[in-house]
Structures are given as structure tokens and as C-alpha cells.
Amino acid sequence: MAFDIEMIEKVYATMAERVDKARDLVGRPLTLSEKILYAHLWEGVPTQAFTRGKDYVDFAPDRVACQDATAQMALLQFMHAGKSKVAVPTTVHCDHLILAKNGAKQDLELANKQSKEVFDFLSSVSNKYGIGFWKPGSGIIHQIVLENYAFPGGLMIGTDSHTVNAGGLGMLAIGVGGADAVDVMSGMSWELKFPKLIGVKLTGKLNGWTSPKDVILKVADILTVKGGTGAIVEYFGEGAESMSCTGKGTICNMGAEIGATTSTFGYDDSMRRYLVATGRQDVVNAADKVASYLTADAEVYANPEKYFDQLIEINLSELEPHINGPFTPDRGTPVSKMKEEAAANGWPIKVEWGLIGSCTNSSYEDMSRAASIVRQAVAHGITPKAEFGINPGSEQIRYTIERDGIIADFEKMGTKVFTNACGPCIGQWDREGADKQEKNTIVHSFNRNFSKRADGNPNTHAFVTSPEMVAALAISGRLDFNPITDTLINDKGEAVKLNPPFGDELPTKGFDVEDPGFQAPAADGSSVEVVVSPTSDRLQLLAPFEAWDGKNITGAKLLIKAFGKCTTDHISMAGPWLRFRGHLDNISNNMLIGAENAFNGKANSVKNQLTGAYDEVPKVQRAYKAAGIPSIVVGDHNYGEGSSREHAAMEPRFLGVKAVLVKSFARIHETNLKKQGMLALTFANESDYDKIKEDDTINFLDLTEFAPGKPLTLEFIHADGTKDIILANHTYNDSQIGWFIAGSALNLIAAGKA
Ligand code: F3S
């Protein structure tokens, strides 16, 4: 479990030289984000300045973290890289596959039964390859990373979008797909478009009912769910310094909700306090020596408008508590406006549930401030009107808040304490009556509140707010309760006004834990056996994809010409398919089932050219595969947008699709296709899309001359015997052509040639 101080000292040892060189090259003072990026270039000391929002750059992250849902395919792939150990410190966290229903003990027992084979697999692979393994019940990935591994000035990637949470400790932490994680675990570089920068200047000081959560709820309101796309958000100012480290984590966490690449804060006393409290005085000692490199140059924060692409200013002294939602985290309503907003929009006023937890808000400070509200209610004889549930962020937090009487305070109000895990935040909530799909309101301290996210009911209006506001709203039972101005009636009929929340940023008696739930990997994992049952429907060992046979692809059938939007969700749906994330054959039964067939306007209905009948896309493709016939997929603009889900590239590859030819690609998906040994091609003339017919057979004419910058020529033979010759562009460089030839990037790594 121990953090890797040697690795951290190594990062700091090269920081000054790299950042100073970068400042010379860029020719101006540097922001913190730029310092961290330039300090982590794959090439080492920078040799050129990069253009923000334009240049693609190779980086060398310090760490990798994976959660249990995404780790399955990542580790299955890593096993093919031919390495005995991961190249950078890596951890796996079991937090997504645990249902919240009856309470921590029973729920954890059930999860350990239901997902035993997945947990056993993750545990044994971790043990074998030098990966730290956090067992089910140990806590939520991002809370554990903050408590144990994050460090100021570091760069990490994680296979979860809220990896960004570690920005609270001054890191750049970025959510990626499994394929990227596998590259870094295998010792390869990681590519990112050099991000744009949004500065958020925080003046004033939080007070009363306002908390760090309100900062990001306000920022989300300003920037919307798309406003941070392609950018790092860097917070600074006196207001930033006045906040706790875990509060900063909350703000960075929800940077994912505005689409930001990541968010961060400069190294300050709150981080020192947190590092010391979590047993990392060594990190403080090391960081203090390079402190000036762990924040922006003074001139940047003095004149931020000159150095950021966009600047926002928020006065914390004037900030009101916010309640964002329903159905989207960027619909912000200050508490004083909720009465009129709720009435105008017909939102159900009665609050049915209050939930505190998730990676966003499950720190000691969160729990202790929310408990201060609960204690007041109990002391005044106020019976809570809504049900209440909490998910502590980690076993360390749970153990400590139990020791400090905070759990007992919650329990006096009938609160259900669920497992230290994601639970309702990821729909792992067996909420009684949700299947009736009644219109209702819940409030929670999570980050996402899209329709159906928490309980599967599309009519649940979920509102995101701070833990202390969740407590107040759940106790009052009303969405439009304003604790700053309104009173509650106690069991004697008296009107009671709640005092603003208060609580300890960190436990005064220190953190404590008996069993944090960590399994250290074997020092030598060579004899550790990874067992996957051949009859499992959830896990399947991967076989390497076949290398290219060196010949032109001929006689290929058109599988589908997709029309319009085709995101990674259309290509590889989530929802119930999540359970097959570790079983490529089974999850491939969702391949392209959401894509619209351009010839009949239907989803999951394409013509099987062997029979002339229409059938589901995966079935038709399996028929081609069984007959040994290659196929291609044709698509529209921005094909593969959405997420970095590698399954969207692996499934067609696994089922025998050879090429994807589209008007344009979402870049990450294009790269994922390349990594899996597929041909990712774009029409040289977009209008050629219209020439593709339903019964087409396709021949590649010059694949044998595949080279960087040289378009490929494809012959489309139509059912009436006529032909169209179509030119296809591509963006493969030499090494990526090597992936295609080898059958996949992993095959090349395994052969020791990457
Ligand atoms: Fe888990 Fe929800 Fe965070 S799913 S990792 S608690 S966003």
C-alpha cells in the first residue's frame, strides 16, 4: 500500500531542469498545468514549445489506477504484453460491482458471492504483475488514490472519468480508456492533445452553508457540460488556499461533469496537512524542496487573463449553496431560488431519499459536516422526513468516523450505512419500489444525475448538492427547504432553525484503520497462476489477434453503412452489457446494435448478403466470420465519439471486420481501432459515402503498398456488376502500420518490437 516515495523523488529531481527549459522555450511564465505537463514529457527535457489545443504530445505518466469494471479488459490485454511486471506503479480497486441494498455487511457478502470470479481474477492478475489490489469494501478508487498515492506535481492516468479527483492534491490526473492504461502499464508513452487552459480565480472565503461542492456546481452552471472540453481547469487565489485538500478533490472530481481533461490546484498548506494526516510526511519533505515548481509562476496568478485561454472569477464570500439538476449536473439553482424554480418546473417537492457518498463527497470532512446537521436534528427532536443512506469513501474513513461517533450520529436518524463503494452513484442501488417508475425527487452528493443513473427509474429527479445540504434537505423532506432562512418543526411543535454546518477537516485524533483492504502484489509473481474458468460467461482470456497475411483484402462484404451519429455507445452499448466487459465473445453480441442502418433507417437490422435476409448486426457478422468472409463497416461523421471504450474497437476486430471507412473519426476511437490492428480509413471524397450500396463487395487494390501519407484504393462492386473506385485516406505512421501488420499494438509489444 505504501506510496512510492522513490518514484516521487525521482519526478521532483528532474522537475527544475525540465520546467526551466520549458519556460525558456515557451518564452513566458508558466501555469501549474504547463509545468506538470512539460515535466512529464516522454522525451524528457523539453526541446520545443507546444501549442495548446493543437499539438499531440507523448507523455510519461507516473501512475495508473483502474476500477473493477474497466480493469477486466485492461488486464486481460495487459496479460498479452509479454511483461512480467507493470512498468509504472499501478493499482486496481474493487468498488463498482457492489450493490447497495441492506447495508454494508450483507451487501458486501452478496457482492463477494456474485462477482467472486471477477474479483478473484483481478486479485490474481494484480498479484502476478506487481499491481496493488484493493479488495471489495476497501473503498472508492479516487478516495483511496487521494489517501495513498496522489502527490503534488504528479501525472497519473486512470480507467475512470473521475480519476481527475486527484487534482485536489495538486496532480494532473486524467481519465482514459483501457487501451491507454495498457500502453502505460506496458512501458509505452501516452499521447494527449496539449490541453487548453481555463483559470478559475477564487476570491473571498467559504462561509455558512457554502462548501467546496458549491464552487464546482457554480462552475458547471457557468461552463455547462461541454464547456471544459479539451481543457485543464486550474484553480487559484486566496479562496483556493482557504479550502481543505479533500474539498479541492471534490471540485476537481466534478471537472469531469464539464468535460474538462482534468482540474488542479497549486501545492499549499491544505495539501501539507492532508499528506501528513494520511501518513506521508516524506512526500511533504520532498515537495517542499521543489514547492515553487508545484504552483504557477507568480506572474501568472497576478495577471491571469494573459496566461489562460479563458478566465472565470468566483467570490466565495458571496457564493450561495447550489442544488443542481434534475437530470443534468449543469443546471444550477442557488438555494434561495429553489422555491420558485421547483414550482415553475413542476419538480416533485417531497424529497424521498438523501444520499451522501461517491468519490465526489465521502471524505472525513464531508461526513463530519453532514453529521453536524444530523446531530442538531436529533438534539431538537426533529424526525427526518426522507430516508438516508451513506457510502463512506474508504475503510479508513469508515473506521475513523465510527471511532469518532459520526456513524452513530447518522444511525440515530435511521441512516443506512452502505459499503465503502460506489453503490447508488453507478446505479448499484436496489431501491425498493424503483420499478414502479413513479415521479419522485432524491438529493445526493454525487457528481452525475442523468436519468436512471441512481436507481434505474427515468422519473427519479436527482439533484446534486453538498453533503450538508443533502442532510438538511433530507431532514426537512423538501427540495425547496432553505436552511439559511427556513425553520423546521420539532416533535414539540416548536420551530427550529438549523445552525450552519461545522466539522473537522481532518480527524483530530488522526486517521485509523484495522484492515484497509489492501493486498500487496507478490515480490516475484512468476509462479502466480491466473485462473479463468473456460465456462465463465463474464471473463474470457484473450487470444492474440491474427497478424496481417500480407495480401490485399478481397471479397469483403459491407456489414453496415451507419447513418448519422454513431458513438461508442452505439458501437458497444453499456447498461446491461457492463457485466460482460471481461468477456469479449459475449460482449461482442452488442456490436453496433445501436447504429442506424442507412438503407432502412433501423437499428440492429442489416442485410445478410449470404441469405438476403435482414438480421441483427452481430449475427450477420458472425455468419460472415463463420464463412471466412471479411467485412467492412462504413460510417458517417465523427464516428466513435463519446468515450474511449476499447470494446468498441475490439468487438469488430474480434468478429472479423477488417476496416472501418467513415467520413471522419473521433480521434480516440480511430487510435483504438489502429491499436487493435484494424484499418481506420476516411473517405478522400466525402460524397463517395453515397456511392456505397447495400449489396456491395469490396476489394482492396493496394493494401500491399500501405504506407504513411499514401491513400488506399478500394473497389466497390455493386450487385448489378458496376463498380466504383474509392480513395481512402488514413493517418497511420510507420509504427502504427507496424501494429496493423502484427495484428495489434499488443502483439508488437509482446514481440518486443514496440
Ligand atoms: Fe464510483 Fe460514482 Fe465515482 S461510480 S468512481 S463513485 S462517479
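Ser643 sits in the loop that runs between strand β26 (631–635) and helix α22 (647–655). The structure is a predicted model, and its chain is divided into domain 1 (6–318), domain 2 (322–336 + 345–495) and domain 3 (556–750). A ligand is present, and because domain 1 and domain 2 both give residues to the shell around the ligand, the ligand lies between these two domains.

- Although Ser643 and Val176 are 467 residues apart in sequence, their C-alpha atoms are 8.7 Å apart in space.

**The ligand shell**

- The ligand has 14 residues around it, of which Ser358, Cys359, Cys422, Cys425 and Ile426 come nearest.
- Sorted by class, the shell around the ligand holds 7 nonpolar residues, together with 5 polar and 2 charged ones.

**Domain 1 against domain 2**

- The C-alpha centres of domain 1 and domain 2 are 27 Å apart, and the contact between them takes 40 residues from domain 1 and 41 residues from domain 2.
- On the side of domain 1 that touches domain 2, the elements giving two or more residues are the helices α4 (104–114), α6 (141–148), α8 (212–223) and α10 (245–253).
- Helix α8 gives the most to that side of domain 1, contributing 6 residues.
- By class, the side of domain 1 that touches domain 2 is made up of 17 polar, 14 nonpolar and 9 charged residues.

**The annotated span and the nonpolar core**

- An unreviewed UniProt entry lists residues 558–686 as "domain: Aconitase A/isopropylmalate dehydratase small subunit swivel".
- The end C-alpha atoms of residues 558–686 lie 18 Å apart, and this span is 28% helix and 22% strand.
- The largest nonpolar core has 223 residues, and among its members Ile632 and Val660 touch the most others.
- When neighbours within four places in sequence are left aside, Val660 is in contact with Val633, Gly635, Tyr639, Pro652, Leu673, Met678, Ala680 and Leu681.

Technical notes. Residues numbered from 1 in each chain as written. Predicted model: local features only at pLDDT ≥ 70, side-chain atom pairs only at ≥ 80, totals over all residues. Near = placed C-beta within 6 Å. Nonpolar A, V, L, I, M, F, W, Y, C, P; charged D, E, K, R; others polar. Domains from an automatic or database assignment. Helix = DSSP H or I, 4+ residues; strand = E, 2+ residues; numbered from the N terminus. Contact = placed C-beta atoms within 7 Å. UniProt positions renumbered as here; feature names shortened; annotations may be inferred. Core = buried A, V, L, I, M, F, W, Y, C linked by C-beta atoms within 7 Å. Buried ≥ 20, exposed ≤ 12 C-beta atoms within 10 Å, placed from the backbone.
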